Amino acid sequence: MEVDIIFKIAAVGIIVAVLNTVLVRSGREDHAMLTTLAGVIAVLMMLLPHIRDLFSEVKKLFNL
């Protein structure tokens with residue numbers, strides 16, 4: 001796994017944390033929750049190709 005993907009995930013996490021804090025302090029808890037959910041979905045979409053490669057390697061390893 002490249003180090004680049006770790007930095008991308010960290011950047012998304014920092015941005016979501018800041019947005020979440022700002023939205024909660026302004027009284028928009030529902031928007032903060034949706035922002036957090038969007039951040040989780042974005043990270044999962046970034047990780048999807050790597051997870052697919054992992055399962056492919058495990059399949060090759062066990063000859064399935």
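Glu57 and Lys60 form a salt bridge, with the closest N and O atoms 3.4 Å apart. A salt bridge here is a side-chain nitrogen of Lys or Arg within 4 Å of a carboxyl oxygen of Asp or Glu. The model is predicted: local features need pLDDT of at least 70, side-chain atom pairs count only at pLDDT 80 or more, and totals for chains, interfaces and linings use all residues. Residues are numbered from 1 along each chain as its sequence is written, and side-chain values use heavy atoms, with hydrogens and water left out.

Both partners, Glu57 and Lys60, belong to helix α2 and sit three residues apart, about one turn of the helix. Glu57 is partly exposed at 47% relative accessible area, whereas Lys60 is exposed at 54%. The classes are buried (under 20% relative accessible area), exposed (over 50%) and partly exposed in between, with a 1.4 Å probe and protein chains only.

Two salt bridges were found in a search of the whole structure. Lys8 and Asp4 supply another, at 3.6 Å from N to O. These two residues are four apart in helix α1, so about one helical turn separates them. An α-helix has 3.6 residues a turn, so residues three or four places apart point the same way. Lys8 is partly exposed, at 43% relative accessibility. Asp4 is partly exposed too, at 45%. Side chains of opposite charge can pair when their charged atoms come close.

The protein contains two helices and zero strands. Helices (H or I, at least four residues) and strands (E, at least two) are DSSP runs, numbered from the N terminus. Helix α1 covers residues 3-25, 23 residues in total. Its span from first to last C-alpha is 33 Å, close to the 33 Å expected at 1.5 Å a residue. The expected span is 1.5 Å times one less than the number of residues. Ile5, Val16 and Leu23 are buried in α1. The buried residues of α1 pack against α2 (29-61), contact being heavy atoms within 4.5 Å. Just after α1, Gly27 adopts a positive phi of about 85°.

Along the principal axes, the C-alpha atoms fill a box of roughly 55 × 20 × 10 Å. Buried residues account for 12% of the 64 residues.
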